[in-house]
Amino acid sequence: MDEFDFVVVGAGSSGAPIVDRLTASGRHSVLLLEAGPDDNTNRWLSIPLGFAKTFLDPNVNWKFATQPEAELGGRRVYWPRGKVVGGSSAINGMVYVRGLASDYDRWRQMGNQGWSFDDCLPYFKRLEAYPGGASDLHGGDGPVKITQDEYRNEIGETFLAACAEVGLPSIADFNGRGEEGSGLYHATVSDGRRVSTGRAYLAPARRRSNCRVVTGALVERINVADGRATGVTYRKDGQTVTVQARCEVVVSAGAVGSPQLLQLSGIGPAALLGGFGIPVVRDLAGVGENLQDHWGVRSTYRTWWRLTVNDDINLYHRRLSAMVEYALLRTGPLTASPAFAGAFVRLMPQSDEPDTQLHFFPWSTDRIDRGPHKFSGFTILTNQSRPESRGHIRISSPDPAAPPAIVANYLSSDLDRQATVAGVKFVRLLARTTALSRILTEELLPGVEAWSDEDFLDHARKEGQSAYHPVGTCRMGSDAGAVVDARLRVHGIAGLRVADASIMPILVSGNTNAACMMIGEKAADLILADAR
Ligand SMILES: Cc1cc2nc3c(=O)[nH]c(=O)nc-3n(C[C@H](O)[C@H](O)[C@H](O)COP(=O)(O)OP(=O)(O)OC[C@H]3O[C@@H](n4cnc5c(N)ncnc54)[C@H](O)[C@@H]3O)c2cc1C
């Protein structure tokens, strides 16, 4: 049986930094097990506009879906998740947003020592190579290259002009302490290529002799003896393999994979495990609970201005020139991340900080698998930043290859419904500004016939979608519902940690990749300190 100091499960946003930092210490051997393939197996993974190509590709995407959602008239909601080296950072929208400083302060106020914004900031700085270099808020020479204006589009400038017209201040950097306003997003794109954690962290880590990466390895069980994790059992090419972890097993399988793996290993709610005949190793009621996600609602518009990504794809000469430009210079429309501008706004009377995020997409579609509309169009997505709705993820079978049952309970809170309606109405207000109305020819969604709060809520129920930010299913804390402590150690099992999106007690007020990479960076320090 193979033996390593550490076995890490999942090569995603959090797992990759952990493996890099543990192997760079030179003191430990590390085995990284990833269910998906290597990231050099699909050329679309490195091209920013390739987002649309990997969004539904089962070779690199778990392609989960929720159970029929009660508030959405029984609709199932599509949940893409990266199944490839780099995890979801290899297929995501590349927006780099850390969230509000108060998000992390709230984690600390819940009793999680070491997780205030000031505690997390050094780890954000450590991961960043921020444009403009190091400052009191940013890192200048970290592994994750971040840019702001690799691709710009005049329609995006029009969106920003509309935001200015309604009085929103212009924000140069959303990754400050969290002011209200609009601006260009920073993106994990550099030199015209996506910066996934596979590229940023694992490419250097894999050159070290103490690092071993096995892809196509689905971890089926964490092995526990006498209350201590001893290793894992995984399946690759039809073979079952058991490996030993001398120090620790670190689970970074994401907000879906981590609670699923714990439950399959007998760590979770006893009644759920008993129902599938899984022997209970540790009765932990919170495993899979506390699920939170952002509910995104699109407003789409037709425009006469042939400057959208739709036109870059639909018009033969534009498509050809985009491909040539990318091949020769690594610039142009193919370097566009899906959303390059946005805003954080305060819409609810009770909010004293931004409560809603907007993404501006210079393209429009009915269904991403059918490609963009055949005409020029753009989209504005709105989502409430801190939803109250809570769902859960529970195994649906003892078979590790079976997807778990995901119940997100979107829009199950009154506040969430009100805030979502407020977001859609705000987008309508933007569309009525001189800047945007001058270029619009038609509102496709929600459509001009929608005008009451009920209409907007109906639209949110019928057309809303996941913003792809599920978190919280192995929540950090010290109460009975918590799964890990503030050092990310699983309660009641020695030698086992969880480090990824699932440990967030509350969803951050923005996109989640930056927070997940920070969690990986911080987890690595905790692990190394405890290994001494
Ligand atoms: C389509 C999409 C768009 C997004 N857009 C943005 C964006 O623009 N900006 C942003 O900040 N965030 C975005 N996100 C969210 C962000 O990317 C994720 O929150 C983040 O990557 C999650 O990191 P993680 O480490 O928790 O999990 P992941 O990065 O998903 O990593 C988990 C890894 O574990 C592997 N794994 C799971 N189970 C097993 C198992 N049993 N055995 C072995 N391996 C396993 C998976 O294959 C995966 O590689 C987006 C996500 C998606 C899916």
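Which residues in α1 meet which residues in α14? On the α1 side they are G15, A16, P17, I18, R21 and L22, and on the α14 side M517, G520, E521, A523, A524, I527 and L528. Here two residues are in contact if their C-beta atoms, placed from the backbone, lie within 7 Å. Of the residues in this contact, nine are nonpolar, two polar and two charged. Ala, Val, Leu, Ile, Met, Phe, Trp, Tyr, Cys and Pro count as nonpolar, Asp, Glu, Lys and Arg as charged, and the others, Gly among them, as polar.

Before going on, a word about what you're looking at. This is a predicted model, in which local features need pLDDT of at least 70 and side-chain atom pairs count only at pLDDT 80 or more, while totals for chains, interfaces and linings use all residues. Residues are numbered from 1 along each chain as its sequence is written. Helices (H or I, at least four residues) and strands (E, at least two) are DSSP runs, numbered from the N terminus.

Back to our two helices. α1 covers residues 15-24, and it packs against α14 at an angle of about 35°, with the axes 7 Å apart. (Axes are lines fitted to C-alpha atoms, for helices over the stretch in contact, and angles run from 0 to 180 degrees between N-to-C directions.)

Keep an eye on α14, as it turns up again at the ligand. Three elements, β13 (218-225), α7 (254-264) and α14 (513-531), each supply at least two residues of the shell around the ligand. The largest share, four residues, comes from α7. Of the 42 residues around the ligand, G10, G12, G87, G93 and G257 come nearest; a residue is near a molecule if its C-beta atom, placed from the backbone, lies within 6 Å of it. The shell divides into 19 nonpolar, 19 polar and four charged residues.

Now for the inside. A residue is buried if 20 or more other C-beta atoms lie within 10 Å of its own, exposed if 12 or fewer, and partly exposed in between, with C-beta atoms placed from the backbone. A nonpolar core is a set of buried Ala, Val, Leu, Ile, Met, Phe, Trp, Tyr and Cys residues joined through C-beta atoms within 7 Å. The largest such core has 149 residues, and V7, V19 and Y185 touch the most other members. α14 gives this core its largest share, nine residues. In soluble globular proteins, nonpolar side chains tend to be buried together.

Helix α4 (residues 117-127) has buried residues too: F117, C120, Y123, F124, K125, R126 and L127. Their cover includes α1, α3 (101-109), β6 (128-129), β7 (144-145) and α14. E128 sits in strand β6, and it counts as buried because it has 26 C-beta neighbours inside 10 Å. G142 is 14 residues from E128 along the chain, yet their C-alpha atoms are separated by 4.5 Å.

Most residues other than glycine have a negative phi, and most peptide bonds are trans. D191, in the loop between β10 (189-190) and β11 (193-194), has a positive phi near 50°. Is D191 buried or exposed? It counts as exposed, because it has 11 C-beta neighbours inside 10 Å. N409 has a positive phi near 55°, but N409 counts as buried, with 22 C-beta neighbours inside 10 Å. Finally, a cis peptide bond joins L445 and P446, with omega about 0°.
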